[in-house]
Amino acid sequence: MRADVEAAKADIEQSIELLRRRLDWDPALRKLDELNARVEDPTLWNNADEAQAVSRERSRLAAQIEAVNSLANGLEDAVGYAEMADEEGDEASLDEARAQLQALKERAGRAELEALLSGEADGNDAFVEINSGAGGTESNDWAGMLLRMYSRWAQAHGMTVDFLEETTGEQAGIKSVTLQVKGTNAYGWLKTEAGVHRLVRISPFDSAAKRHTSFASVWVYPVVDDTIEIEINPADVRTDTYRASGSGGQHVNKTDSAVRLTHIPTGIAVACQNQRSQHQNRDQAWKMLKARLYELELEKREAAQQAIEDQKTDIGWGHQIRSYVLQPYQMVKDLRTEVETSDTQGVLDGDLDEFMGAALAQRVGATRDATEG
């Protein structure tokens, strides 16, 4: 077998072995059997919250095991194809086998990163808040572009996006929006996007066609289920109701049912307006507040470990994590990891995996170094 094929085979085998060690393979298989048995037990569904938690854990573990098995089966098929092509001197088929192995290496790399998503809430759904910065219409339009970018990323990864609150811009875009992204490891991936995003372009709203710089901030926190206890004193929370103000009813209902909760000790405020009743919006807002306070607790733990989290705890216009330059040249660059690409349209269409992967690897490495230090 050709040397380059052997090298690719060895790399993928190493990744598979690493994934199995991280997953604690044999106990993981037994655990999945137990979870499958619980899901099939009709009595489990008497408790909807418990059933949901068990189903989520089962889906997460099954996906991890399937990813490893798929890599192993794919490697066996690609190597067998390469060996046959080599024996027959079929260079075209050998090139095809090389392409298969390269694709497997890329999948293995992503699986290794996903295996790093071992935080308490990494597997959970995520709330995403986007807020435009100073600059009026231009910044509002940029916030709208980020909304589209994250929506497309989520859809490309089989996730769903629900709009919880939205304040539209006067001429274009949005002033603020809160989303709930539902899918496996949604929070684990999206948490790397928290910070300030900077856009440089020729403004379509400027008749003089001058270059403008705009900012928007992104905040990400996990959806917290009932298995995680967060105590909130109702006396510490102020409740305000108001009329929803979305984009013509496209995402939200324009009624008097919108609810905003403010946690007075921390100043944290959340709002929900996508449900038809004030009662439903209040329930959703309490879930969001619980999630925000849980995220605050996670930040305190990470600060104690000296993890690099400044972009989440101190989001200001001097704390950009990424620049998107559309004029005078095309470049998206992450200022934390130095990852960059000239495919600006691809990024704005949701191609964020390279940026997320690099930020996640850096984040996990920093936390590990701090812990070991």
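Colleague: In what sense do strand 1 and strand 5 pair, and over how many bridges?

Modeller: This is a predicted model in which local features need pLDDT of at least 70 and side-chain atom pairs count only at pLDDT 80 or more, while totals for chains, interfaces and linings use all residues. Residues are numbered from 1 along each chain as its sequence is written, and side-chain values use heavy atoms, leaving out hydrogens and water. Strands are DSSP runs of E of at least two residues, helices runs of H or I of at least four, numbered from the N terminus; two strands pair if DSSP finds at least two bridges between them. Strand 1 (residues 126-132) and strand 5 (residues 211-222) pair in the antiparallel sense, over seven bridges.

Colleague: Which strands stand at the edges of the sheet?

Modeller: The sheet is open, with eight strands in the order 2-3-1-5-4-9-10-11 and mixed pairing. Two of them have a single partner strand each, so one side of each is left without a neighbour in the sheet: strand 2 (160-168) and strand 11 (340-341).

Colleague: What angle does the direction of helix 5 make with that of strand 5?

Modeller: Helix 5 packs on the sheet, touching strand 5 and, among others, strand 1 and strand 9 (320-325). Axes are lines fitted to C-alpha atoms, for helices over the stretch in contact (heavy atoms within 4.5 Å), and angles run from 0 to 180 degrees between N-to-C directions.

Colleague: Within what arc do the buried residues of helix 2 fall?

Modeller: The buried residues of helix 2 are Trp25, Ala28, Leu32 and Leu35. Seen down the axis, they line one face of the helix, whereas Arg30 and Asp33 on the other side are exposed. Taken over the directions from the helix axis to the C-beta atoms, the arc is 75°.

Colleague: How far apart are the C-alpha atoms of glutamine 102 and alanine 8?

Modeller: Glutamine 102 lies in helix 4 (residues 91-115) and is partly exposed, at 41% relative accessible area. Alanine 8 is 94 residues away along the chain, yet the C-alpha separation is 7.5 Å.

Note on methods. Buried < 20%, exposed > 50% of the residue type's maximum accessible area, 1.4 Å probe, protein only.
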